Amino acid sequence: MKNFRILLFVVAASLFAACDDAIDIKQPSELLPGDTFETIADLQLGLNAVYGAVGGETAILFTSIFTDEVRTGVANGGQGVGDGGLAFLLNSNSGAPESIWVSNYTVINFANRLIAGSNGVTYTEDEKGQFNDVIAQARTLRAYANLQLLTYFSPDMKDDNALGVIAVDFVPTTDQKLPRNTNAQVYTLINSDLDFAQANLISGTQPGRTYVSKDVVTAIRARLAAYRGQYTEAEGFADLLIAKTGTYALATGNGFTGTAASVATTSYYKVFRDIVIAPIQPEVIFKLERTNSGATGNFYQAWSSVNSTISGGAFFEVSTALFDKLAANDIRRVTIIDPSAIATGFAIRPVGKYAGSNNINLLNDVKVFRISEMILIKAEAMASRGDFAGVATQINKIRTARFTNATGRDIGVPASAQEAWAAILNERRIEFAFEGHRYIDIKRLGALANAGIDRALDDCQKFNACTLDLSDHRWTLPVPRAELSANPNIQQNQGYN
Amino acid sequence: MQGSVFNMLKLRASYGTTGNQNILGQSIFSAPNSSRTLFDQTTGYGQLPAYAVVQIGNPDLKWETVEQANIGLDFEVFSGRLRGNFDVYRRTTKDLYQSTPISGINGTYSILSNNGSLRNSGVEALLNYELIKSKDFSLNLTFNGSYNKNEFIDIPSEEGFIDNGLQANVVGGALGQFYTIKYAGVNPTNGNLLFYTKDGQLTENPNPETDRRLTGKAPIPKFQGGFGFEANYKGFYVTTQFSYVADIYRFDYDLEGLQDPTDIGIFNKSTDLLNAWTPENRNTNIPSLYLTNKALDASSDRYLKNASYVRLRYATVGYNFNKQLLEKTPFTSVRAYVQGENLLTWSKWRGWDAESNRGGDQYQYPTPRIFSVGLELQF
């Protein structure tokens, strides 16, 4: 009986205790923010996520369709037509602003989480440099993402008081509804990131060019200064990289004879097919590595359906106006346009800049900074101070590398500032076709060069969209509707309301 | 009740509150840790392993609570020939778990959270009437139907408004109410699409942000139910069941695709396009094949269509063999029948299938039509 009582007691007591697993499920495998980063190796893994978040494809595709780089292709099934992309349809519901906005803020968010998590990392004095290097890389990417945001969403980067974007250097909470900061405030954040990076990055020049180095910091500074119209600074930064002639040589068209087979022997072609050139990679200062375990590349179904050859199902082809700018002895013609077009006499002109790599079609690294951009920034600086002969020299430096012979190669000395700007804008159009520059270039330089959207009548008449006034509000992207609906404090850009 | 027409009369009433913790999916294990921000190992840059935030936590999560009140009446009259029940109900879901917009600085535009109270109120009826009941012939009519009003009674955000793009949740409106630009038709002068601005002006170029209006239309039906009859005559029998749904709107993207002129030559098209606007055919509801503002119809109600329908859910014609005939056979019963399901549908909907609970349909399999022939033998 006594035993029974004890048993009863035990049974009764057990009713008051229970396993909480069903109601409080906190699995041991859960990785909470406070536990994620404990060592520098953990931070390195976090950094891989920051790098992985850096996009570029959407901006490149948007730019090519919205401006004047493409026309509808042989296999067009409504792309750019049904969605109004070729007809300058751009509003807060459009896909590109929504994607560019959130993808850059994802980079910033990941970087901020990494920086916040790094507070819990312990390291020895010997490891301090390594620790700071990781943070410096994250901050460089954060600066780059902010620069991208301003490029597309600030109405005027030359005006420090104009609306910028939301400057976020903290891990936000989901209930925050922040207004936009001014450009000056965003510049302060960018510059503090770049100053820290310059002081703490270990890598001066990065051999594979797929990670951030001090050279990348310099390139960001050069572009930012040029976009702001601060040409003295811009030229100074550009010169630092141009001086490294052994490292960042211009790739050439040497070896190109006019045949499709010979294109593949040139170093310019290899740069865009991501083929390693020993011992030192020319041209590229920074590119985003794109490797893909799947069968499709990062530009799959962007301009072409299957591949970039003439039979690869081209939704879009290189526009007539751009094609007309390309000389037959310029290696850029058969890089911008897929070399398979040579066989058709360029009747079909598939976009060839992202033809593929690693045996995967339409998979290519995204080129962010190339040395030719630094040279053309220097040319802009020269144009701004009236050195027109200098402008011609810089442009011809690039053309000399790209052309296979002197026919039609060198440009003459521009007679006026407008001609100088026009020459720069024209060279940038050819040099950076399909690299996401054209939209911001027309916005920045169009008025100076007295040039804008340049579409051939045959390409554009059917959409009733042959030109877009330089004062149009669509030269700045709208704040996306998804942001507006969450954030009543955000300011929309003018013209979209 | 004696002496009255009623054989049975019952009044029911209930009220209750239940908590719903299965806010996502069928069990609590579908969302075991949504309150916490979590990192995880992912594939990062250059296919290298990485630590990335994979879930933004919502520390304020709680159960949805459902308050339900119900008054019902069950009855049988005329010697049980007419049976039925009526129900009036009101069901209020508080702290509704739904997608809520957040600023893009979080790296995403929405998060699931408890946001608002949704009320369903309405009436339900079920009727069964034995119209004819004799030795050789019987005819039985059935009906069931409901009216349901679905509306938000509270949205706690500052604006009392959740803008999800083509749909918006607003106090007084149904869940997923469509929020679109009003489509006006085809511009007779140039064949482009015409829309209304918010204040009723015609425009070819509406603002997809500010010219949207609440339509009062939603992909949730106000009326639904079914009706049918069973008839028996000397062993032959016919059974039918119709179902209906009314006052429901959805996007007919199949029709949109078939009428889209921008990809002619690549995809199949509707013959509607033969009536497209041309300078000689200005009075038409099909825009020019070369219209320049096609993209804007995606933000409009051009393809927001009434998806009400009446459908013959099934019809069966059969024969039960007479027991006396079967006496000398090994069978106790033999029945032969032909049945068809979803044979007929009456609807203005032009897409593949009016029947769906999706807000928009494209490339979905339609409800199948099934014919069956049966012979049932019992030993």
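Mentor: Start with handedness: a crossing is left-handed if the near helix is turned anticlockwise from the far one by less than a right angle, and right-handed if clockwise. Helices here are DSSP runs (H or I, at least four residues; strands are E, at least two), numbered from the N terminus. By that rule, α5(A) and α6(A) make a left-handed crossing. Bear in mind that this is a predicted model, where local features need pLDDT of at least 70, side-chain atom pairs count only at pLDDT 80 or more, and totals for chains, interfaces and linings use all residues. Residues are numbered from 1 along each chain as its sequence is written, with chains lettered from A and ligands numbered from 1 in the order in which they are written.

Trainee: Why are α5(A) and α6(A) called roughly antiparallel?

Mentor: Their axes cross at roughly 155 degrees. Angles run from 0 to 180 degrees between N-to-C directions, with axes fitted to C-alpha atoms over the stretch in contact. Over 145 counts as roughly antiparallel, so α5(A) and α6(A) get that name.

Trainee: What makes residues of α5(A) and α6(A) "meet"?

Mentor: Contact means C-beta atoms, placed from the backbone, within 7 Å. Among those in α5(A) are A:Ile100 and A:Val107, facing a set in α6(A) that includes A:Ala138 and A:Leu149. By class, that contact has twelve nonpolar, three polar and two charged residues (Ala, Val, Leu, Ile, Met, Phe, Trp, Tyr, Cys and Pro are nonpolar; Asp, Glu, Lys and Arg charged; the others, Gly among them, polar).

Trainee: How many residues does each chain put into the A–B contact?

Mentor: Chain A gives 54 and chain B gives 49. Chain A's side divides into 23 nonpolar, 22 polar and nine charged.

Definitions and conventions: Angles under 35 degrees count as roughly parallel, over 145 as roughly antiparallel, 65 to 115 as roughly perpendicular and the rest as oblique. Two residues are in contact if their C-beta atoms, placed from the backbone, lie within 7 Å.
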